[in-house]
Amino acid sequence: MKKYYTNGEVTVLWQPDKCTHSGMCARGLSSVFKPKQVPWVDMSGASSEEIVAQVTKCPSGALS
């Protein structure tokens with residue numbers, strides 16, 4: 001399964017089967033990555049640049 005989240009400028013792909021639930025995304029950018037909410041990714045919570053910078057830090061590659 002793959003889930004896509006977009007703000008019209010950038011799209012984040014989440015592959016839950018790869019996710020190790022390290023929490024780096026939520027700790028690094030909690031205005032976007034909110035694991036206790038549905039949907040858990042709020043692309044309006046930060047700039048595209050901030051989102052891309054945080055996504056590149058995903059240790060499992062579940063976010064890209």
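Let me begin with a term: a residue is called buried under 20% relative accessible area, exposed over 50%, and partly exposed in between. Please also keep in mind that this is a predicted model.

I start with the cysteines. Cysteine 58, at 19%, counts as buried. How many disulfides does the structure hold? The number is zero. A disulfide is a covalent bond between the sulfur atoms of two cysteines. For cysteine 19, the closest cysteine sulfur belongs to cysteine 58 and is 6.5 Å away, which is too far for a bond. A disulfide would require the two sulfur atoms to be within 2.5 Å.

In soluble globular proteins, nonpolar side chains tend to be buried together. Here, the largest nonpolar core comprises 18 residues, and those with the most contacts inside it are Val32, Phe33, Trp40, Val41, Met43, Ile51 and Leu63. At least two residues of this core come from each of strand 2 (11–14), helix 1 (24–28) and helix 2 (48–55). Let us take valine 41 as one of the members. Apart from neighbours within four places in sequence, valine 41 is in contact with Tyr5, Val32 and Phe33.

Helix 2 also contains serine 48. Is serine 48 buried or exposed? With a relative accessible area of 9%, serine 48 is buried. Not counting residues up to four places away in sequence, serine 48 touches Asn7, Glu9 and Val10.

Now to the aromatic residues. A pair of aromatic rings is described by the distance of the centres and the angle of the planes. Across the whole structure, two aromatic pairs are found. In one of them, the ring centres of tryptophan 14 and tryptophan 40 are 5.0 Å apart and the planes stand at 70°, so this pair is edge-to-face. The pair links distant parts of the chain: tryptophan 14 lies in strand 2, while tryptophan 40 lies in the loop between helix 1 and helix 2, 26 residues apart. Phenylalanine 33 also pairs with tryptophan 40, in a tilted arrangement with 5.7 Å centre to centre and 45° between the planes. Together, Trp14, Phe33 and Trp40 form one aromatic cluster. How buried are these residues? The relative accessible area is 14% for tryptophan 14, which is therefore buried. Tryptophan 40 is buried at 13%, and phenylalanine 33 is buried at 1%.

Finally, I come to charged side chains. The count of salt bridges comes to one. Which side chains meet in a salt bridge? They are those of aspartate 42 and lysine 34, at 3.7 Å from N to O. Aspartate 42 is partly exposed, with a relative accessible area of 28%. Lysine 34 is likewise partly exposed, with a value of 23%.

The largest nonpolar core has 18 residues, and the structure holds zero disulfides. Thank you for your attention.

Definitions and conventions
Residues numbered from 1 in each chain as written. Predicted model: local features only at pLDDT ≥ 70, side-chain atom pairs only at ≥ 80, totals over all residues. Heavy atoms only, no water. Core = buried A, V, L, I, M, F, W, Y, C linked by side-chain atoms within 4.5 Å. Buried < 20%, exposed > 50% of the residue type's maximum accessible area, 1.4 Å probe, protein only. Helix = DSSP H or I, 4+ residues; strand = E, 2+ residues; numbered from the N terminus. Contact = heavy atoms within 4.5 Å. Phe/Tyr/Trp six-rings, centres within 6.5 Å; stacked < 30°, edge-to-face > 60°. Salt bridge = Lys/Arg side-chain N within 4 Å of Asp/Glu carboxyl O.
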